[in-house]
Amino acid sequence: MVKRSNWSIPYIIFMLVFVALPLVLIVIYALQDGNGNFTLSNITRFFTDSDSLSTFALSLEVAIENTLICILLGYPAAWILSRKQYNRSAVTVTLFIMPMWINALMRTLATAELFNMLGFTLGKGTLIFGMVYDYLPFMIYPIYNILMRMDKSYEEAAEDLGAAPWKVFWKITVPLSMPGVVSGILMVFMPTVSTFAISEFLTNNKIKLFGTIIQENINSSMWNYGAALAFIMLIIIGITSLFGNTEEREAAEGGLI
């Protein structure tokens, strides 16, 4: 244990057992039938199953709506927090990220009970509200982090050259903050598509998202098809993550410190 690299061994073991191994098992189950034979039928079944496709389309719709609302609410909040004239102390930032300290399931149950007390009918409206409430901090923080790291000399140079404040914002601030926006989109959009607990509690299971059908297949011992759906979800996440990494590298070369 003299070498520093040896201290990483417990973390490597943890990653192999609790991260890599589950992912490998998902792929194995997705590419097998009930008898353990190799097959692609589980994957192709998704593209021919109308229920799965309609649920996936609804999940995308809800995820897009939730992501757009989080951007509209989160970007102004992150911008205000990053301004010196508004950001007086760390308390302000803490108030925005405080919901993240509470278990998501507890927040969802409390939100559902609040709607029940107020007499609201649980449905898509309450689902969107709960999604925004749960995921808004995940949109605010990456944008805020990028805005705080941004080289302010670009804005100052634009102002010295006579650019109006709104033009500085749209031409300088927004383009340079796009890596944070992309990170926020990834952190909000993909979990929204794959979640099931929030839709179950905030709609009384009236609206099923993609994560719900994965859960139902696993609970019904349909491991192979459930794993195939999870595998498809992993592919989508991997593809979108590649786009996010590309955006961050391009922005870093453009002047972020």
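**Reading the model together**

Reply: Gladly! From the N terminus on, the elements of the protein chain run α-α-α-α-α-α-α-α-α-α-α-α. In this notation, helices (H or I, at least four residues) and strands (E, at least two) are DSSP runs, numbered from the N terminus. This is a predicted model, in which local features need pLDDT of at least 70 and side-chain atom pairs count only at pLDDT 80 or more, while totals for chains, interfaces and linings use all residues. Residues are numbered from 1 along each chain as its sequence is written, and side-chain values use heavy atoms, with hydrogens and water left out.

Me: How many helices and strands does the protein chain have?

Reply: There are twelve helices and zero strands. The C-alpha atoms fill a box of roughly 70 × 60 × 40 Å, taken along the principal axes.

Me: How is the packing of two helices described?

Reply: Two packed helices are described by the angle between their axes and the distance between the axes. The axes are lines fitted to C-alpha atoms, for helices over the stretch in contact, and angles run from 0 to 180 degrees between N-to-C directions. Take helix α2 (residues 41-48) and helix α3 (residues 50-82): their axes come within 5 Å and cross at roughly 70°. That makes α2 roughly perpendicular to α3. The cut-offs are under 35 degrees for roughly parallel, over 145 for roughly antiparallel, 65 to 115 for roughly perpendicular, and oblique for the rest.

Me: Which residues make the contact between α2 and α3?

Reply: From α2 come Phe-46, Phe-47 and Thr-48, and from α3 come Ser-50, Ser-52, Leu-53 and Phe-56. These residues divide into four nonpolar, three polar and no charged. For that sorting, Ala, Val, Leu, Ile, Met, Phe, Trp, Tyr, Cys and Pro count as nonpolar, Asp, Glu, Lys and Arg as charged, and the others, Gly among them, as polar.

Me: How many aromatic pairs are there?

Reply: Rings of Phe, Tyr and Trp (its six-membered ring) pair if their centres lie within 6.5 Å; planes under 30 degrees apart count as stacked, over 60 as edge-to-face and the rest as tilted. By this rule the count comes to twelve aromatic pairs. In one of them, Phe-46 and Phe-56, the ring centres are 5.8 Å apart and the planes are at 85°, so the pair is edge-to-face. Phe-46 sits in helix α2 and Phe-56 in helix α3, ten residues apart. Phe-46 counts as buried at 4% relative accessibility, and Phe-56 counts as buried at 15%.

Another pair is Tyr-75 with Phe-169: the ring centres are 5.9 Å apart and the planes are at 85°, so this pair is edge-to-face. It links distant parts of the chain, with Tyr-75 in helix α3 and Phe-169 in helix α8 (residues 165-176), 94 residues apart. Tyr-75 is buried at 10% relative accessibility, whereas Phe-169 is partly exposed at 21%.

Me: Which residues do ring pairs link into a cluster?

Reply: The cluster holds Phe-46, Phe-47, Phe-56 and Phe-210.

Me: Where does Arg-45 lie?

Reply: A charge sits over a ring if NZ of Lys or CZ of Arg is within 6 Å of the ring centre and within 35 degrees of the ring normal. Arg-45 lies over the face of Tyr-225, at 3.9 Å from the ring centre.

Me: Is Met-233 buried or exposed?

Reply: Met-233, in helix α12, is buried, with a relative accessible area of 4%. Not counting residues up to four places away in sequence, Met-233 touches Met-190, Val-193, Ser-194 and Phe-210.

Me: Could we finish with a loop?

Reply: Asn-204 is found in the loop between α10 (197-202) and α11 (210-219). Its phi is near 55°, a positive value in a residue other than glycine. At 53% relative accessibility, Asn-204 counts as exposed.

How values were computed: Contact means heavy atoms within 4.5 Å. Buried means under 20% relative accessible area, exposed over 50%, partly exposed in between (1.4 Å probe, protein chains only).
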